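Terms are given with their cut-offs where they come up.

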Amino acid sequence: MQAETIAQMMEYLAEKFPNLRDVLQTDVAVSIDGQIFRDDWTQTIPSGAEVYLIPRIEGG
Amino acid sequence: MSKSTLVSTTVNGDAVEFACPTDESLMTALRDRVGLTGVKEGCGTGDCGACSISLDGRLVCSCIVLGVEAEGRTIETVEGLSQNGVLHPLQQSFIDHAALQCGICTPGFLIAAKALLDRNPNPNESEIRYALAGNLCRCTGYDKIVRAVQATAKDMRKKGRS
Amino acid sequence: MAHDNSYVDKKFNIVGTRFNRPDGIDKVTGKARYGADASAPGQLVGKVLRSPHAHAQILKINTSKAEKLQGVKSVITFEDLPDLTGADQGMADILENCMARGRALYDGHAVAAVAAIDEQTAAKALKLIEVKYKKLPHVTDVDEAMLPTAPVIHDRIFTRGVEPKPTKPSNISSRTEMGNGDVDAGFAAADVIIEHSFKTEQTHQGYIEPHACLASVNPDGTAELWVTTQGHFVFRNVCAGLLGLDIAKLKVTSSEIGGGFGGKTHVWVEPVALALSRKANRPVKMVMSRDEVFRATGPTSSTSIDVKLGAKKNGEITAAVAELRYQGGAFPGNWAMLACMTAFACYDIKNNKSIGWDVLVNRPKVAAYRAPSAPMAAFAVESAMDMLAKELRMKAIDLRLKNVAREGTLAPYGPTYGPIGIEDTLKAVKAHPHMRAKLKPNQGRGVACGFWFNIGGQTSTDLNIGVDGTVNLAVGTVDVGGSRSSLAMIAAEELGIDYENVKANIADTTSLGHNDMTEGSRGTFSSGMATIYAAREAIEVLKQRAAKTWGIPLEDVSWEEGHAVATGKGHGNLPKLSLREIAAKSGRTGGPIAGHNEVTADGAGMGFASHICDVEVDPETGRSTIVRYTVVQDAGKAINPDYVEGQFQGGATQGIGWALNEEYIYGDDGRLQNPGFLDYRIPVCSDLPFIDTQILEIPNPNHPYGVRGVGETSIVPPLAAVGNAIANATGVRMGHAPMSPPRVLAALDALDNAG
């Protein structure tokens, strides 16, 4: 998959798996090389980075 | 609406009159009729101590005292602790020792701690803990509160104050 | 201006020392105003009528008699809160939780509300509302709710995460599975296997201040809300959405908050108060009673957890499996999924699997409670670790050190860890004098570790410099525990001025951009980061003003210790300009001087902690007394150590209460039997000793000062630390929290009878 930012990656996934679109919008955070990004989808993804989709944690 | 009764009291050294229904608590009367919102409601059933006041020198939960019971009596709330803008040693000590986080229980603790030091200027740790067991705190774990009271007791004894 | 959030090691003048908090005087004199301390002219008292049934069809609500009562100004039901949520099921659930829509889903569920001229009239009006209920079968236990025979609460719930997709609805909203490696192979390779089941009861955040608000809606669609909350911006967005108001027209002001811990991150009475005010055209004040807080706000999950661990004789854990069943109340939640992420997070276990089941029951909608879902999972896993250590004849602390997670370890939920502090906390515990203190008869010592994510989130901050050089710092993160002090310290540190010259305030929603809630241990982390950047922007302006004043290029100006300094050739004779001097001239050099920052503060670190607990168990009564307690936790960088210690001690105390006494007791009728502080027993002063703390500082590489959030982690280890201490004191392994005197006594008796 080619994606330079989180936003591009999310759009690609939403198109490939349409029933995930809502979940991707609200319930997901992204880990790039171990650093977790909850909000900023303009974040760039370096080439070859390890990317994980994880639940969007809140807290108490 | 049930009829109100006129109540005459002394609050923090001043003569105060208020009118309240006979089934209204002193806590509500102090907060809503006299405007002393430093008296806090945490439970309304005498279990948390947030509404602690001194009534004729006795530590009570104002939520389980009726407003009309205050007739002719003397009341001390947290608002009366400082004199002419100078904080009571307990108030200063709580700030210095970081003995408050959210602060909702603090007025009640100050009144309870003062009641303790008024009758026992040299309490040990256990005596402090049991004297304050009627005041609930959910933020601090009580550690810094006890330290603040210990420090104040020590300072006040040194200065010969009571 | 782009900002770099990388950690820079530096020497601090103010950060790391202990300063008195700026809001301290108001709080010790009673001046500070909390949710119930505001009033408005003409205000009405709002009260809610609540279902006395755990599950019931609402056939009819007749409000006519209540409406006719003299002094009643508005009466509402769900019909006054039309569903504007569209396709957003999450918002629809919030709306239905605030006011039942045809069906009462738990004891205490709001059914109608009134606003009247005083308390007595409002109470009378409630009694005049006639509600016809048809009782339905109910279920309140998490395991019972999963049975095929259980009454189904919502027929739209089909379990997600199960293949093939279920054809019948159930109370299981989702199944989650995560992990790494091959657990079957791992167990096959194990010399020793431990298996145990655990149960934890429902607890409440227990903040001493009940929910309270003052709502005022005008006919032109503008409105004001004074409210005790962990996040006034989020409350604004949610209330505006539910009531069909424009966001910018709803001004929400955060009062001081009397405790939240996650329980004030959701709305309950606020939309109701706004709806009552809209209908009555007068301000409405609503204050929840303690009974209502327990029955009808957001307690945490009750759970049922199975853990299986396998290890080699040398202590290397070869496989770990956890199955975690969490109830989220009467609406779907993600609590079990969250538990899966934390269960084995402290360890490097190549073969691990966590399965989570999110379940519905007829109880209030669960809300977050300080490190949500982690304490229960840690109770199970950390208890099992001690059981495993015993089988292996290893010291409990050594088994943990042998398997500890480090930088480079794969987290159970996927990513690889950066620098983390769990090993350091365990080593610090091992070296701590508490571990060598002598124990008396009937006493035992337990250790346990725990972790919580920290989050960043959206933050907006304003820093304005007055003409006398004193500074206003406006932040949008509610101050739950003293963060105004830490934020003022950060601003003073950056600007190079005295702490006393900075005043931090929590701004209302009309004065700043969106700020996320104070939750996820993010308050100091994120507003601190935004404060640093806002201060650096202000410094750029200060330098520009100095450059203009001196008539030299901006590149020749640097900022050092609160002064603009002219550097470079030929400027040596220019005297330094202090912040105060530059500010005094600001009117003539371009106007007010300020710095501003919006940031989504990502890259929050993780907080790890290890605790040591000494307990004395009375064999006659089963009562456990904490005789000594130590918290060791990694804070990254402690801005104000006094307040970091306070978080450690407060969280540990909540965990101790959860471990020993706190639980929701539901009757067979599905009604909550102990909705008050007398029978819902939180720790009191005489229950506890002093709580020792040790702050470790392993810098978070993604924050300029290395800060990690600290507010939540310390509630995670205590349940198991206490359980392990009790096991060491008595030989009895308690698998059911709270480990209250009757339960411990029963276990001791069983041990006696068996032996």
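## Salt bridges

A salt bridge is counted when a side-chain nitrogen of Lys or Arg lies within 4 Å of a carboxyl oxygen of Asp or Glu. By this rule the predicted model has 51 salt bridges over all chains. Side chains of opposite charge can pair when their charged atoms come close. One such pair is Arg21(C) with Asp23(C), whose closest N and O atoms are 2.7 Å apart. Arg21(C) and Asp23(C) are both buried, where buried means under 20% relative accessible area, exposed over 50%, and partly exposed in between (1.4 Å probe, protein chains only).

Asp386(C) and Arg400(C) form a salt bridge at 2.9 Å, N to O. Asp386(C) is in helix α11 of chain C and Arg400(C) in helix α12 (residues 396-402) of chain C, so this pair ties together parts that are 14 residues apart in sequence. Asp386(C) counts as buried at 9% relative accessibility, and Arg400(C) is buried with a relative accessible area of 0%. Glu494(C) and Arg536(C) also meet in a salt bridge, at 2.9 Å from N to O. Since Glu494(C) lies in helix α14 (residues 483-495) of chain C and Arg536(C) in helix α15 (residues 523-550) of chain C, the pair ties together parts that are 42 residues apart in sequence. Glu494(C) counts as buried at 10% relative accessibility, whereas Arg536(C), at 28%, counts as partly exposed. Salt bridges that share partners also join Arg21(C), Asp23(C), Lys27(C), Glu256(C), Asp479(C) and Arg484(C) into one network.

## Basis and confidence

This is a predicted model, in which local features need pLDDT of at least 70 and side-chain atom pairs count only at pLDDT 80 or more, while totals for chains, interfaces and linings use all residues; side-chain values use heavy atoms, with hydrogens and water left out. Residues are numbered from 1 along each chain as its sequence is written, and chains are lettered from A and ligands numbered from 1 in the order in which they are written.

Chain C averages a pLDDT (the predictor's confidence in each residue, from 0 to 100) of 95, and 100% of the residues score at least 70. The model scores are ipTM 0.97 and pTM 0.95.

## Nonpolar cores

A nonpolar core is a set of buried Ala, Val, Leu, Ile, Met, Phe, Trp, Tyr and Cys residues joined through side-chain atoms within 4.5 Å. The largest has 197 residues, and Phe94(B) and Tyr413(C) have the most contacts inside it. Helix α11 (residues 374-392) of chain C gives the most to this core, with 13 residues. Apart from this core lies another, of 49 residues, including Ile14(C), Ala534(C), Ile539(C) and Ala564(C).

Contact means heavy atoms within 4.5 Å. Leaving aside residues up to four places away in sequence, Tyr413(C) touches Tyr52(A), Ile54(A), Met178(C), Met341(C), Phe451(C), Phe453(C) and Met606(C).

## Helix α7 of chain C

Helices (H or I, at least four residues) and strands (E, at least two) are DSSP runs, numbered from the N terminus. The expected span of a helix is 1.5 Å times one less than its number of residues. For the 12 residues of helix α7 (residues 232-243) of chain C this gives 16 Å, and the end C-alpha atoms are 16 Å apart, which agrees.

Nine of the 12 residues of α7(C) are buried, so the helix is largely enclosed by the rest of the structure. Among the buried residues are Phe233(C), Arg236(C), Cys239(C) and Leu243(C). Their cover includes α3 (89-98), β10 (223-227), β11 (250-254), α8 (270-280) and β19 (502-506) of chain C. Just after α7(C), Gly244(C) takes a positive phi of about 75°.

## A buried loop residue

Asn640(C) lies in the loop between β25 (624-634) and α18 (641-660) of chain C. At 2% relative accessibility, Asn640(C) counts as buried. Not counting residues up to four places away in sequence, Asn640(C) touches Thr17(C), Arg18(C), Phe19(C), Ser485(C), Ser486(C) and Met489(C).

## Contacts between chains

Of the two pairs of chains in contact, chains B and C share the most contacts. No contact joins chain A and chain B, and their closest C-alpha atoms lie 14 Å apart.

In the pairing of chains C and B, 51 residues of chain C are in contact with 47 residues of chain B. Buried area is the accessible area (1.4 Å probe) that two parts lose on being put together, summed over both. For chain C and chain B it is about 4,100 Å², 57% of it on carbon and sulfur atoms. The rule finds four salt bridges across the interface of chain C and chain B. Arg31(B) and Asp37(C) meet through their side chains in a salt bridge (2.8 Å, N to O).
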